[in-house]
Structure formats: structure tokens, C-alpha cells
Amino acid sequence: MIVLKSSDGETFEIEEAVALQSQTIAHMVEDDCVENGIPLANVTGEILAKIIEYCKKHVEGGGGSEEELKIWDKEFIENIDQSTLFNLILAANYLNIKTLLDLTCQRVADMIS
Amino acid sequence: MPLSRSLLSRRLSSISFRDQGGAETTTESKTESREMSGSWSSMLPELLTEIIRRVEDTEDQWPQRRDVVTCACVSKKWREITQEIVTSPCNFGKITFPSCLKLAGPRDFSNQCLIKRNKKTSTFYLYLALTPSFTDKGKFLLAARRFRTGAYTEYIISLDADDFSQGSNAYVGKLRSDFLGTNFTVYDSQPPHNGAKPSNGKSSRRFASKQISPQVPAGNFEVGHVSYKFNLLKSRGPRRMVSTLRCASPSPSPSSSSSADQKPLDVTKMMKKLNKDGSGFTILKNKAPRWHEQLQCWCLNFHGRVTVASVKNFQLVATIDQSQPSGKGDEETVLLQFGKVGDDTFTMDYRQPLSAFQAFALCLTSFGTKLACE
């Protein structure tokens, strides 16, 4: 299990497989500096919770069929407000979670269209 | 969920207003506003690029492409990024901003346009065709009006269909013909390269004082010539058209910088300014039609884009083309095709190295009487 600490002091304990979807965290795990949990100074608890929700769903093999996953993604992204979306983009960029970044950027692009 | 331009700006700026409001009060709110870290308009450039690139990808054609223009209106940063994306090589030839009208057209296919003529007002309207139909409206690009003054005729080309004054911001360029209507000069309102001097003329001096930014030289800059030649055959044969244009080379090749490689041509002032900025000349001539014995007429294959026979119809190919690696034009590829499809409706298909503005100017030369040619 890996412990993530948000900028506002919340801690989240998640399975390694879930956390490894973030390339940033994956590198930290490789470099073996996750002893006392990983502090994420750029991400608040609220946003981190959303990210973990996304990553849990997208853990390989656990998400269901591709179609179902797409529907879930659509639900996920359409139910968040603009400021959460904005922060999610920054966090997905910081944590280097490509699929989440694609999803959020595409959402903004669709909103502009 | 479509967002109109004002709605988008208002929504995005409302986030920044919340920032400022939060920072005024307690420390807790200060932290919160710091965490908001600025509004959409100051988002990280690479993330903005991701977002705007996606908008650009999906909104390929007009009228949806308006959304790309909207992105450029949000803030300075958005504008920079949008312009970078729009002018990148993979988006070559797509028309987004008015400035795209002076950039070269697509490389591998032609942009299809329509020209509508209003005989009463001597005005011509250029539209980007949005559907294959000749009767659909299309996206308005440029308008031109013919003015006959004394010994010559001018077509003023403008971004605004109601404003043809050379001093306005909408002024794009003009076409001037001699009395016979066989020799034309194309003028651009903007300098084709650094250090270009405007041609002398009463009009340049007149509207220089109305300029908003004095740093940009006002005036008309010669960027091309078109001439129609005598038809030597007695029968009503097609006229010969030759055009020399300064085209911005989409991918300037270093090998074309030596003037010694150029074919010797008729002397024009432009020859001496060749390649100072990597833009060279393109020489175009019209593709000769073939005489069809059975139909007893001259035929050119317009691929369905021209449906009414007219002496105005033409296809231009390049003999000298700086966008080609050798500088020599491929005399088969039709770079500009113009032809009649209705009483006052014409199609115009153009591609690199011609820009929409140049193509329009070339087509305008086909209107009007050619006293010595027919």
C-alpha cells in the first residue's frame, strides 16, 4: 500500500497498482523514496480524492469492458464543476497521468466548441 | 454544451475575480486563492496548447472553426498559443484568421472557393465553399470592387464588404490594370518582406496619415504582375495568361537563394529583391486547352468544378515555383482554377504556393474587357 499526503494534510492509503498510474509516483517508487508516504504539495485533498477515484476505476483489468469504462469516464467528467476541472488538469499534469490529462483537456475543448 | 465567446470569457474571468476577492480577506482565503493559482487565462502554456490543439483538431472546417478564433480572444497567452497552432506546418492551408488569407494554401489539395459577382455595384465576393454545392453561401473571405479612374481600372480588395477605402484596417490590397485591360499589377497593403518600400503614389501618401501604427509602413507594395497575350489564331481561341507573383515560400529551401540559378527573365524591379527573405517568384501560365474535334470547341478538364463555357475560365500551372525543391514548376499540377458555374457565380480553387488573396486577385483579372485579346 502507498500513502499519499495532500497539500492540506489529508492522507490517502491506496494500493500500489492504483498509485502507479501516475508516472510521477511510479518514478518515486522506483527511486525508493516512499517510506513515510508521498507528500503532494500541489494537490489538495478534494482533488486527490477525485484522482484516486479515477485511478481506482482505471486499474488494469478491474475496470470492466472498454465501453463501460468510456461511459464511466463520461459520467465522471461531466459531473465536475469548472474549478475542479481546472485543478484536475493541473494535478493530472503534475502527477503525469496521461489518460486523465487527455480526458480533462478534451472536456475543456468540448466545452469551448 | 456550446459556449459563446462572451460566455467563455465571462466564465473564465469570473474565476479570476473570485481570486482577487479571496485575497483581500483572511489568511485562509489567501491560501485558497493561491491554490486556485490564477485563472484559465494564465494556465501553463503546455496544458493550454493541449486544450487548444484539441479544439483545433475537431473544428477543422468552418463554421465550427469559429471556436478556434474564440480561443484566440480569451487572453494574450491564449492568442499566442492559438496562433502557433494555427500556423504550424500540419495546419497549412487552413483558413482561420484574416491573416491566413495571405498565407500559402494547402500543399496536397486545393481550397475550394466561390466568387459571386454583383454586376450593378461592380463588386465581387469571395467565399470559402463549405459544401460541394455551388448555391450554398460559404464563409465570406474577401470582397473586391472595381473603380475606373481615367487611364486605368482598379479593383480594391477588402476584408469588409462595405468598406473599400484604402485607408481602412480592412484594406488588403488592390489590382490595377492598364487601359487595355491586358496588363495588371497586384499590390499588397502589407510589405512582402522586411525593408520593402511601398510604391510611390498619391494614394499611399493620402492614407499614411490615417494609420494607427506608424511602425508598419503604409502603402501599396507590388507583389505581382499578370498579362494577357494576343491570341494569334484567327478563330476565337483561348487567351494566353502569364503571371509573376511573389509568393511566401512555405518551406524556404536554402538552395534557391542564389540568383545565378534563376532563369533570365524580363526585367522587373522585383527581380533584384529576390530572396532577401526567402520568398521567391512564382511564374504561372495558363494551361493550354485542347481542341476537341467532335465538339468543335476548346476543352480543359475542370473536374466538374466549372460547368459553363466562358473565355474567362482558366487553369494556371507553374513554370517557376519556389516551393518545389528545384525551383522549377511542375507544369501539370493546376495551382489555380477559375471558372463559371452560373450567371454571376464562379468557382476558384487554389493551392500552395498561392494564397487566397493572390488567387482572388488573379481571378479578378479575368473579368472586364480585354480589348486586344478577343
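Colleague: I'd like to learn to read strand pairing. Which residue is the bridge partner of Leu4(A) in E3(A)?

Modeller: Good place to start! Keep in mind that this is a predicted model. In E3(A), Leu4(A) has Ile38(A) as its bridge partner. Two bridges connect strand E1 (residues 2–5) of chain A with E3(A), and these strands run parallel.

Colleague: What is the order of the strands in the open sheet of chain A?

Modeller: The order is E2-E1-E3, an open sheet of three strands with mixed pairing. Strand E2 (11–14) and strand E3 (38–39) of chain A are at the edges; each has a single partner strand, so one side of each has no neighbour in the sheet.

Colleague: And where does helix H3 of chain A lie?

Modeller: Helix H3 (residues 45–57) of chain A lies across E1 and E2 of chain A, and runs at about 15° to E2(A).

Colleague: Which residues of chain A does UniProt list for "domain: SKP1 component POZ"?

Modeller: The UniProt record, an unreviewed entry, gives residues 1–59 of chain A for that domain. This span is 42% helix and 17% strand, and its end C-alpha atoms are 14 Å apart.

Colleague: Let's move to chain B. How many bridges join E2 to E3 there?

Modeller: First, a general idea: in a regular strand, side chains alternate between the two faces of the sheet. Now the case here. Six bridges link strand E2 (residues 123–128) of chain B to strand E3 (residues 139–149) of chain B, and the two run antiparallel. Opposite Leu126(B) you will find Leu142(B) in E3(B).

Colleague: What does E3(B) do with strand E4 of chain B, parallel or antiparallel?

Modeller: They run antiparallel, with seven bridges joining E3(B) to strand E4 (residues 152–158) of chain B. Ala144(B) has Ile157(B) as its bridge partner in E4(B). The hairpin of E3(B) and E4(B) has two residues between the strands, and Gly150(B) takes a positive phi near 60° there.

Colleague: Now helices. How should I describe two that pack together?

Modeller: Two packed helices are described by the angle between their axes and the distance between the axes. Here, helix H6 (residues 98–112) of chain A packs against helix H3 (residues 45–58) of chain B at an angle of about 55°, with the axes 8 Å apart. H6(A) is therefore oblique to H3(B). The crossing of H6(A) past H3(B) is right-handed.

Colleague: Which residues make the contact?

Modeller: From H6(A), they include Leu101(A), Cys105(A) and Ile112(A); from H3(B), they include Leu47(B), Ile51(B) and Arg54(B). The residues of this contact divide into eight nonpolar, two polar and three charged.

Conventions. Residues are numbered from 1 along each chain as its sequence is written. Chains are lettered from A and ligands numbered from 1 in the order in which they are written. This is a predicted model: local features need pLDDT of at least 70, side-chain atom pairs count only at pLDDT 80 or more; totals for chains, interfaces and linings use all residues. Side-chain values use heavy atoms; hydrogens and water are left out. Two strands pair if DSSP finds at least two bridges between them. Helices (H or I, at least four residues) and strands (E, at least two) are DSSP runs, numbered from the N terminus. Axes are lines fitted to C-alpha atoms, for helices over the stretch in contact, and angles run from 0 to 180 degrees between N-to-C directions. Angles under 35 degrees count as roughly parallel, over 145 as roughly antiparallel, 65 to 115 as roughly perpendicular and the rest as oblique. A crossing is left-handed if the near helix is turned anticlockwise from the far one by less than a right angle, and right-handed if clockwise. Contact means heavy atoms within 4.5 Å. Ala, Val, Leu, Ile, Met, Phe, Trp, Tyr, Cys and Pro count as nonpolar, Asp, Glu, Lys and Arg as charged, and the others, Gly among them, as polar. UniProt positions are given in the numbering used here, feature names are shortened, and annotations may be inferred rather than shown by experiment.
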